Amino acid sequence: MRHVASVAGRELRSLFVSPVAYGVLSLFSVLAGMFFILDLSWFEQALLQLQQYPDQLAELNLNDLLLHEFYGSISVVLLFLIPGITMGLYTAEKANGTEELLLTSPLTIWDIVLGKFAAGAIFITALVAIVGLFASVLFIYGDPEVGKTTSGLLGLLLTGWTYVAIGGFASAITRSQIVAFLITLVVLVTLLLLPGISEFGIAGSGSGVAETLRWLSVQLHFDPLLNGLVDTADLAYFAVMIGSFLVVTKAAVESVRWR
Amino acid sequence: MFANEKAGDGRIPRESVAADEVVGFGGDVGFNCIGVGHVIQAKRLTKRYGDLVAVEDIDFSIARGEVVGFLGPNGAGKTTTMRMLTGFLPPTDGTALIAGHDMFSDPIAARRAIGYLPETPPLYPEMRVESFLAYVAKIKDVPHAERRAAVDRALARTALNDVRRQVIGTLSKGFRQRVGLAQAIVHNPPVLILDEPTAGLDPLQIREIRTLIAELTAPSQGDTQQTVILSTHILAEVDAICRRVILINQGRKVVDAPLSELTADGRTLDQVFTEHTASDAAFPLEAAIVSGPGGAS
């Protein structure tokens, strides 16, 4: 485990000398800004429309209407951006032949897997920090709840990290960046749709299978955080997802040895 | 072995082997009680893929300071054997000892003692030469304080000082090969494993790389004397730099002798090669073709 930081450091530096990181960062900033402005103007409209209903106006608040929407949109943006960030994590090593360098160096496979995950997670943290910047603007002009604002950011962070773990695994099982990108996208969209699938699905709602499918859905555990509810069961979900994908990624990296 | 463990970094302490003892196979008892002075030992290395046998029962010991040419036609199992020696591939059977460390029970220490240049040099095209070597030094466990010096020395030994700030992707093939060699020696390992280090280079670059390898095995002050295994199918290369030849054919070792002994009766290496690879080969013609360019050069 001594070399997690070495691997992560190299990965981040490579990310930042390529246009990918800057492309993703600027694209993300622009998209986040657009969603923010749209949600803001929508909030303004709602405010105007409800002027003649004071009781409803009293229930209107920045968190439930604006930030909830904003964070929700960002989680979808992450879903499409993260496959682009993670697709090269392992495929690039295979293309460069550096896989052989890593596996013949005094590193453990965990050094490699955790290092690469850490690099992706740090990048996502930077993206979420940009989101936090937008949210903090609201504190200047309004009075959002600190708790809900930060728990929502935490939700975005954990969702992003889970997506990175999944994307890393996809990158480890193929040699092609495009294939890694597509696998990640398909898995992430499936995870998003799982609650719907479980309701209409084959198993029938309420059954064990349907419940399991529902539990697997990221949305189900992200929503409580959006609403300011930090439940250890939801945190455990993210930990389990990240942990399991890291374990299978380790197996996939190791598999070059016995293939 | 004890000296090794005390050093704790997997490198062979220089004092443990006096220079004049290197020649003898059993000279330096102090360094390794298992393989008496043998830095590399392959013990019945076997690799099977299902029913296909890639390498079978390869046995050899290489003493400190030796330069061994690992010969064989394409597909004979050279790369597979080297990958097993470096720990990249686990053998189906048998094991390898590197500087006294078993590659499979103590892989981290064994890998620390190896510098490895695979067939395609492992390079990150987007990194600068210097920072790439610094990264390799880091993951090869070179202590932080010595890293800068290690990189400088590797750059100097491979004559890369002029391009140290260049991005690897912009370098020519010959330079990339040199960077590949530099990453193999940056941690000053006692064992160097080079898989076809001159493949695909022009004659001038080939000569450069050969000179370089020759220099590596005749160390200057402060460098570990390196033991080298070099795979190739170019016979002239072996003639130029190796003192011992291990010839494998169809996954089996067929010749293991000093070069001088092989060519003592006036035969050329080309003849030896053809004789041993063609006689029991299923496709004698193919083996003969493979040996062709070596004989011509």
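Visitor: What percentage of the 259 residues of chain A count as buried?

Guide: Buried means under 20% relative accessible area, exposed means over 50%, and partly exposed lies in between, with a 1.4 Å probe and protein chains only. By that rule 51% of the 259 residues of chain A are buried. This is a predicted model, in which local features need pLDDT of at least 70, side-chain atom pairs count only at pLDDT 80 or more, and totals for chains, interfaces and linings use all residues. Residues are numbered from 1 along each chain as its sequence is written, chains are lettered from A and ligands numbered from 1 in the order in which they are written, and side-chain values use heavy atoms, with hydrogens and water left out.

Visitor: How many helices and strands are there in chain A?

Guide: Helices (H or I, at least four residues) and strands (E, at least two) are DSSP runs, numbered from the N terminus. Chain A has 12 helices and 0 strands. For contacts, the rule is heavy atoms within 4.5 Å. Among contacts in chain A between residues at least 6 apart in sequence, 77% link residues at least 24 apart.

Visitor: In chain B, what order do the 4 strands of the open sheet take?

Guide: Two strands pair if DSSP finds at least two bridges between them. In chain B the order is β2-β1-β4-β5, with antiparallel pairing. At the edges are β2 (52–63) and β5 (101–102) of chain B, each pairing on one side only. Inside the sheet, β1 (residues 38–49) and β4 (residues 93–98) of chain B are joined by 5 bridges in the antiparallel sense. Within that pair, B:Q41 stands opposite B:L97, and B:I40 has B:I98 as its bridge partner.

Visitor: Which helix packs on the sheet?

Guide: Axes are lines fitted to C-alpha atoms, for helices over the stretch in contact, and angles run from 0 to 180 degrees between N-to-C directions. The helix is α2 (residues 78–85) of chain B, which touches β1, β2 and β4 of chain B and makes about 120° with the direction of β1(B).

Visitor: How many residues lie between β4(B) and β5(B) in their hairpin?

Guide: There are 2 residues between β4(B) and β5(B), and B:A99 in the turn has a positive phi of about 50°. The two strands pair over 2 bridges in the antiparallel sense.

Visitor: Where else is phi positive in a residue other than glycine?

Guide: Most residues other than glycine have a negative phi. B:D141 has a positive phi near 70°, and B:D141 sits in the loop between α4 (129–139) and α5 of chain B. B:D141 is buried because its relative accessible area is 17%. B:R44, in strand β1 of chain B, has a positive phi near 45°. With a relative accessible area of 43%, B:R44 is partly exposed.

Visitor: How far does helix α7 of chain B reach from its first C-alpha to its last?

Guide: The expected span of a helix is 1.5 Å times one less than its number of residues. Helix α7 (residues 203–217) of chain B has 15 residues and reaches 22 Å, close to the 21 Å expected.

Visitor: Which residues of α7(B) are buried?

Guide: They are B:Q205, B:I206, B:I209, B:R210, B:L212, B:I213, B:L216 and B:T217. These cover an arc of only 160° around the axis, so they are on the same side of α7(B); the arc is that of the directions from the helix axis to the C-beta atoms. The buried residues pack against several elements of chain B, including β3 (67–71), α6 (173–185) and β8 (227–232). Exposed residues B:P203, B:L204 and B:R207 are on the face turned away from the buried side.

Visitor: What does the side chain of B:R164 make a polar contact with?

Guide: A polar contact is a pair of N or O atoms within 3.5 Å; within protein, one must be able to donate a hydrogen and the other to accept it, and residues adjacent in sequence count only if both atoms are side-chain atoms. The side chain of B:R164 makes one with the side chain of B:N161 at 3.0 Å, and another, of 2.7 Å, with that of B:E130. B:R164 is in the loop between α5 and α6 of chain B.
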